[in-house]
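Work through the exercises below with the structure open beside you. Try each task before you read its solution.

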Protein chains: 4
Amino acid sequence: MDDIAFTPTFEQYTYTFGGAAPIMKVRPGSVLRLWSEDAFNHALRSVDDLSSEKVDLAAVNPQTGPFEVEGAEPGDTLALHIVELTPARDFGASAHIPFFGGLTSTDRTAMLQQALPDTTWIYHVDRSRNTVTFDGRFGDFSVDLPIEPMLGTIGVAPAGGEVRSSLVPERFGGNMDTPEAKPGATIYLGVNVPGAMFSLGDGHYRQGEGEACGTAVEGAMDSVVLVELIKGGAPTWPRIETDTHLMAIGSSRPMEDSWRIGQVEMVRWFEDLYDLHTMDAYQLLSQITEVPIANVVDANYSVAVKARRSLLPAVSPYDGIHAALRARAAEVR
Amino acid sequence: MDDIAFTPTFEQYTYTFGGAAPIMKVRPGSVLRLWSEDAFNHALRSVDDLSSEKVDLAAVNPQTGPFEVEGAEPGDTLALHIVELTPARDFGASAHIPFFGGLTSTDRTAMLQQALPDTTWIYHVDRSRNTVTFDGRFGDFSVDLPIEPMLGTIGVAPAGGEVRSSLVPERFGGNMDTPEAKPGATIYLGVNVPGAMFSLGDGHYRQGEGEACGTAVEGAMDSVVLVELIKGGAPTWPRIETDTHLMAIGSSRPMEDSWRIGQVEMVRWFEDLYDLHTMDAYQLLSQITEVPIANVVDANYSVAVKARRSLLPAVSPYDGIHAALRARAAEVR
Amino acid sequence: MDDIAFTPTFEQYTYTFGGAAPIMKVRPGSVLRLWSEDAFNHALRSVDDLSSEKVDLAAVNPQTGPFEVEGAEPGDTLALHIVELTPARDFGASAHIPFFGGLTSTDRTAMLQQALPDTTWIYHVDRSRNTVTFDGRFGDFSVDLPIEPMLGTIGVAPAGGEVRSSLVPERFGGNMDTPEAKPGATIYLGVNVPGAMFSLGDGHYRQGEGEACGTAVEGAMDSVVLVELIKGGAPTWPRIETDTHLMAIGSSRPMEDSWRIGQVEMVRWFEDLYDLHTMDAYQLLSQITEVPIANVVDANYSVAVKARRSLLPAVSPYDGIHAALRARAAEVR
Amino acid sequence: MDDIAFTPTFEQYTYTFGGAAPIMKVRPGSVLRLWSEDAFNHALRSVDDLSSEKVDLAAVNPQTGPFEVEGAEPGDTLALHIVELTPARDFGASAHIPFFGGLTSTDRTAMLQQALPDTTWIYHVDRSRNTVTFDGRFGDFSVDLPIEPMLGTIGVAPAGGEVRSSLVPERFGGNMDTPEAKPGATIYLGVNVPGAMFSLGDGHYRQGEGEACGTAVEGAMDSVVLVELIKGGAPTWPRIETDTHLMAIGSSRPMEDSWRIGQVEMVRWFEDLYDLHTMDAYQLLSQITEVPIANVVDANYSVAVKARRSLLPAVSPYDGIHAALRARAAEVR
């Protein structure tokens, strides 16, 4: 098993899914120890760094990758298991970028009102207590919040020769901004191009569901990831398996369509897992799903549709690969 | 303190919020022990009862109420604390009603495809084990699921002289279909008309978030509810307080607007509770909210935006009325 | 044939569809000569009258009516033919009402930005030239625009005992704000309650499609309307017939659902009119429909789906009632 | 002035905006005489050719291009004037592709219903009468419809290194499917990459607004196009100028956002053209816009927001380039 550590140089960052030459070829079974830059490309280091002045919006969500997976072919399933995520800096940054976010007009929900004030918040990391600190910018309110690290972006190259910005969540994964992309999760992505060409980045030290203001507690991240390849079986949309849940992530607009996508993907998965008729899968899931919103701010909105495993007969999707990855994760951590 | 038990007759059911004469006048401080009929008006009793044949769609979600609250005036806040919810029958029913639900075309998301098969599922209640049993209709899959009772509808009369169907979730509450309307929750609703005129019904023995197929495990319910009145302070949209969370429920279409409503309502609440500037409230909530979808099938879609209290400095909204209601709930249960 | 002139007093205005006692009983075949107040209830008379100060938002779109139509029963079709619309004042008013309109955040598309400036525009009516004059409020730009009078609201009482604000466009018609509700149009509305209980108002001296800023050139209106009743045949959604077009108006959210509703209603109508299979009606309409947006600012968004008659074999829907009404209109004008 | 005729070979077709090497370099001022294949890649030639069997969905909307425009740089404005569009075959084809179109569930508006029947319609072209003939597939209804040729796709390479399918309408133009892209129209597109890299295709012999069933009367097309370059002045979204109208095309989801984009783009244009304050431009456009839907079936929905020039003081946007192009069009036709 290959154990590979990689930190990209600034010149090696990529800002798209698809369209970039692979940074490295990796074999299924590899463990990757990756460093990723924060979403702002390290442009916000103090509350005086305003996004309108410092952030190059054409170079956000820098990706670490893409990695070419040996043997991966269209129709295969890439399994990426997140072993560990560790903040790689002593602070995280968040910002209200003018005309970006969920409670402001945007370039798409276009309106005529003035922008909200361009504002930056810096969150101090306390590793011993595993917290980040919110400090109000317009008052002296302060509160420590637990670090709950996750990856905002994780995805493969799109189908059809498309190249998409690293701000886009889609069928290929990408900027889903779901707190479900956390340690212990195995993410299944359909492979669209030879080598899969996956990348990751946009580390969040924590994020609320919805990512309301448009940015999380953004920070450089050390990620340990296990890479596996399943021949065939590509899901239509990203699926995630954890010890406690099975889930699918839909990303589209309007948000009810994101939900529909995720819910249908789960119906299809349940048909397979439990040999259920469509109507029975539809009904059963109707009574058990947990449906947290992931983001309402990106190029597509993302919704996670989850089923709690403890409610259901035990299943081992994809021949039990998640359990195997969990076991290996314990060894490589 | 008045302790009132009430079971409506069939003729006393109402099917709207607003527009109906009060069934009873109650004083703030009262405990109500209410029986409510199931959403189908008891029309589905076996899997052979099909909704297209048995259910009168003009008479669904029968409400118990409305109750006139003494002293309630427009601008006041009605606080309804759910003490206890107990299934009042030995079975619950769910159905796919043709052209109703989240993964089918509907009268609004109008399309030309054929309907999905009209199907009814009956869930046996096991009180000793506190479960309902899902039995597949197209196969022999069966699984016991915990009873997690909730009220699909709880609301007051609308503003502006409007009268709305009991299928509608809105600013006045109503058919929000949120699993958050469960025992232990205090629901705050702005009063629009003298007496508030609240009603409840549509008991669910359990429901997944989204209520994907359009109906939950629907069942007659025994509800114990405490009624309180707060002079003034009406929230714009329904708020809910539990021991663990503060939350707001937005209901509109498309679903991103439901979310926006809930998220803004929470920003406004946090401005008040913690004396925060709008931008700081926006930012803080962005990093902590939990955002489960409630329903994607009703006249409006509903989304809950929640903040976990344990992350935050302690607050006692509305002068600590929730704690007081919790204490009284322990006595009346 | 009855020929009835009616001007309501201020006390007679109604602000809902449904829920109000009829102002008058009329027989099918009647000609009604009605006066209606403007949408602002005459509160804006100069550019110094700001909507936030002068307009009572609980009393806008005052309706003239409701009229009880003798013999109308649920399932029947009310045909209202607009003979003539004449501005009843020498000026029209338009306003940007804070947080109302299409290019601002609203109570539903809720955001945190500041409101756009509360602004009123007064349009001088020149009857000889049949124009209204736009005068810029922030500069000296001025332009005369042709008067193209239309009714913003025209509708019947809703089904299911609902009562809806006169700001709402729905299945029952209402505040559709479509420029298609103009002289020469026959509007078909399904009857939901005995007597139909129709009303009209919200006269517009002119309006762009979409009614972007939320208000048209609003003005008191003299309307001449012919009332007819067709037994049975109620359309699901409002249909309109003119000499040149057949059309249906869908109203919902998001706007693609409004369109779907209107397009499906036209498919159903074409199946009947031309004895077409669903798929052929779908295809044929795909190649010929004209689809102007009506409003993107009301409680529901409205879209008109139109088919140009000159492209198609001649048909006389509803036994040629439109032609008969056109003939009678020439007599009563 | 260069006068260039070009017919691509099958191998030269491209299926994306961006990402393809230029087929040819052209100078501003050139007249291009281009042949384009139909959207189905000529796979549907009789009603027995079903889309599910014959159409390769990874190779639809084949583009003629991209053309590199000499001197075009990011921030410039490409002006493409459509001189003439002529059907290049004796038939057009339309199809209901399963799970594609406006009145069916799709991969995005995901549902569980069965597909509508896969159906192909062939429209015979009668050049002398300038008509195509609709022949019902499920009955004997037949009607001749005027040919009104338009281009479904016309666009430049996207910004940010993205590559998008030729099924996508966006800021860069693309698959807008607007009947406004017809002879006599000058289309203004912001240049994102050196050389602009524009292409066109997806000829429609006619199309209803909305393109309800997902496909128009699709046919190979002979296009005569004039190419001009304006230094600077890039519009944010595509603008179109004709002798009678100025307009902007917004493309997003949900459809109200497409409209907002188009309406804001027009506000911004009117601020410039008439030196208007934002609020006056907003108000004026509110009373005059015509807003036909373009498509409700593609990856984004498109809406055209139009202002009729005859209502307004004469203006010559972009230094009168449209008039100059019209004059030249008369010479090269």
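This is a predicted model: local features need pLDDT of at least 70, side-chain atom pairs count only at pLDDT 80 or more; totals for chains, interfaces and linings use all residues.

**Exercise 1. A helix pair**

Task: Work out whether helix 2 and helix 3 of chain B are parallel, perpendicular or oblique to each other.

Solution: 
- Step 1. Find the two helices. Helix 2 of chain B covers residues 255-274, and helix 3 of chain B covers residues 278-288.
- Step 2. Take the angle and the spacing. The helices pack at about 120°, and their axes are 9 Å apart.
- Step 3. Apply the cut-offs. Roughly perpendicular covers 65 to 115 degrees, and roughly antiparallel needs over 145.
- Step 4. Conclude. Helix 2 and helix 3 of chain B are therefore oblique to each other.
- Step 5. Helix 2 of chain B passes helix 3 of chain B in a right-handed crossing.

**Exercise 2. The residues between these helices**

Task: List which residues of helix 2 of chain B meet helix 3 of chain B, then sort the contact by class.

Solution: 
- Step 1. From helix 2 of chain B, take Gln263(B), Met266(B), Val267(B), Phe270(B) and Glu271(B).
- Step 2. Their partners in helix 3 of chain B are Thr278(B), Ala281(B), Tyr282(B), Leu284(B) and Leu285(B).
- Step 3. Sort them. Seven residues of this contact are nonpolar, two are polar and one is charged.

**Exercise 3. A sheet in chain D**

Task: Trace the strand order of the nine-stranded sheet of chain D and find its edges.

Solution: 
- Step 1. Read across the sheet of chain D. The order is 1-4-18-6-15-19-20-22-21.
- Step 2. Note the type. The sheet is open, with mixed pairing.
- Step 3. Strand 1 (3-6) and strand 21 (293-295) of chain D each pair on one side only.
- Step 4. Neighbouring strands are turned by 25° against each other on average, direction ignored.
- Step 5. Zoom in on one pair. Strand 15 (residues 186-190) and strand 19 (residues 239-241) of chain D pair in the antiparallel sense over three bridges. Here Tyr188(D) stands opposite Arg239(D).
- Step 6. Helix 2 of chain D lies across strands 19, 20 and 22 of chain D, running at about 145° to strand 20.

**Exercise 4. Two chains**

Solution:

Definitions and conventions
Residues are numbered from 1 along each chain as its sequence is written. Chains are lettered from A and ligands numbered from 1 in the order in which they are written. Axes are lines fitted to C-alpha atoms, for helices over the stretch in contact, and angles run from 0 to 180 degrees between N-to-C directions. Helices (H or I, at least four residues) and strands (E, at least two) are DSSP runs, numbered from the N terminus. Angles under 35 degrees count as roughly parallel, over 145 as roughly antiparallel, 65 to 115 as roughly perpendicular and the rest as oblique. A crossing is left-handed if the near helix is turned anticlockwise from the far one by less than a right angle, and right-handed if clockwise. Two residues are in contact if their C-beta atoms, placed from the backbone, lie within 7 Å. Ala, Val, Leu, Ile, Met, Phe, Trp, Tyr, Cys and Pro count as nonpolar, Asp, Glu, Lys and Arg as charged, and the others, Gly among them, as polar. Two strands pair if DSSP finds at least two bridges between them.
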